[in-house]
Amino acid sequence: MEAFYNLDGWLQALIATTFTWALTAAGALLVVFCKKVGTGTFALMMSSAAGIMLASTFFSLLLPAIEMSGEFSYLVLTCGFVLGGLLIIVTDVVSGKLNLFSGNANKRSCAVMCVAVTMHNIPEGLAVGVAFGALSSGGSVEAVAAVMLAVGIGIQNFPEGMCVAFPLRANGMSRAKSFFIGQLSGAVEIVAGVTGALAVTFVTGILPWALSFSAGAMVAVVASELIPESFSSGKIRATAGIIAGFALMMILDLAFG
């Protein structure tokens, strides 16, 4: 791991987002072998990822942003956080108003899902890139927090790959094409991650803004996608998953951060 931390921030972000994309591809790959995944397993994966991402939002994004934003931290964090959340809200609105496949509700739903997942992966990749860029540039982001942020997003990406691939297969697309489109939805994270890392490396003044912006986007993704999906199959299972995911992130950060 020491060799990894000695790399430039953009290389760390490249490796981390390649990992998150790989888990998207792994989730999509299940369409080649399986017809469907149990709702209970799916919900537990989503809820635990939500807990990890919520904890990561605080430990690796908001807390470092508070420490480095100085006198006007309340203003910087509030503005950045709100703008990040608005990005996801606007994405949802635009995706919901797509007029594709108007004659076929199922195919239109698949198109909306593909676009929504792809668009949501942009701020997620940005969050990973910002975290590793901040780590590399000497910010107060802890290494374990940056790594766990990538792990949390990767866990979430696994069912997201399934969310894209399985509906496409159900609507008549071949297994190979369903897998290809499913994994492609996560590839944007690599570009966004490297871009975020380079931005905070060369323009350190934007770091608090970038961290809080990514935090707002992450919370919006958790609230709009992960939590509703996880609670759809039972409150107790979903609550336990969120608590377990958050606790795991908190333990690792406090013990090794």
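The mean pLDDT of the protein chain is 79, and 83% of its residues reach 70 or more. The model is predicted, and where pLDDT is low, the predicted coordinates should not be read in detail. Colour by confidence before going further. Helix α5 has the lowest confidence, with a mean of 71, while helix α2 (residues 9-33) has the highest, at 91.

**Whole chain**

Switch to a cartoon view. The protein chain contains 9 helices and 0 strands, giving the pattern α-α-α-α-α-α-α-α-α along the sequence. Next, show the surface: the chain exposes about 11500 Å², and carbon and sulfur atoms supply 72% of that area. Of the 257 residues, 46% count as buried. Among contacts between residues at least 6 apart in sequence, 82% join residues at least 24 apart.

**Stop 1: helix α2**

Select residues 9-33, the helix where confidence is highest. Helix α2 has 25 residues and spans 37 Å from its first C-alpha to its last, close to the 36 Å expected at 1.5 Å a residue. Which residues of α2 are buried? Show side chains for G9, Q12, A13, A16, T17, T20, T24, A25, G27, A28 and V31, which are the buried ones.

**Stop 2: F4 and the aromatic pair**

Move back to F4, which is found in helix α1. At 15% relative accessibility, F4 counts as buried, because the cut-off for buried is under 20%. Leaving aside neighbours within four places in sequence, F4 is in contact with Q12, I15 and F132. Q12 is one of the buried residues of α2 from the previous stop. For I15, draw a C-alpha to C-alpha distance from F4: the two are 11 residues apart in sequence and 9.0 Å apart in space.

With ring centres required to lie within 6.5 Å, the count comes to 1 aromatic pair. F4 and F132 form that pair, edge-to-face, with 5.7 Å centre to centre and 85 degrees between the planes. F4 lies in helix α1 (residues 2-5) and F132 in helix α5 (residues 105-136), so the pair ties together parts that are 128 residues apart in sequence. Both F4 and F132 are buried. Keep in mind that α5 has a mean confidence of 71.

**Stop 3**

Return to M218 and show what surrounds it. Leaving aside neighbours within four places in sequence, M218 is in contact with M53, T57, L61, E124, A127, L149 and I153.

**Stop 4: M45 on helix α3**

Select M45, placed in helix α3. Beyond its neighbours within four places in sequence, M45 is in contact with I155, F158, P159 and M162.

**Stop 5: T118 on helix α5**

Go to T118, which lies in helix α5. Is T118 buried or partly exposed? With a relative accessible area of 24%, T118 is partly exposed. Its contacts, again leaving aside neighbours within four places in sequence, are S185 and V188. The C-alpha atoms of T118 and S185 are separated by 4.6 Å, although the two residues are 67 apart along the chain.

**Stop 6: I89 on helix α4**

Finish at I89, found in helix α4 (residues 73-96). At 48% relative accessibility, I89 counts as partly exposed, because only values over 50% count as exposed. Draw the C-alpha distance from I89 to S224: it is 8.7 Å, for residues 135 apart along the chain.

Key. Residues are numbered from 1 along each chain as its sequence is written. This is a predicted model: local features need pLDDT of at least 70, side-chain atom pairs count only at pLDDT 80 or more; totals for chains, interfaces and linings use all residues. Side-chain values use heavy atoms; hydrogens and water are left out. Rings of Phe, Tyr and Trp (its six-membered ring) pair if their centres lie within 6.5 Å; planes under 30 degrees apart count as stacked, over 60 as edge-to-face and the rest as tilted. Helices (H or I, at least four residues) and strands (E, at least two) are DSSP runs, numbered from the N terminus. Buried means under 20% relative accessible area, exposed over 50%, partly exposed in between (1.4 Å probe, protein chains only). Contact means heavy atoms within 4.5 Å. Accessible areas come from the Shrake-Rupley method with a 1.4 Å probe; for residues, only the protein chains shown count as cover. pLDDT is the predictor's confidence in each residue, from 0 to 100. The expected span of a helix is 1.5 Å times one less than its number of residues.
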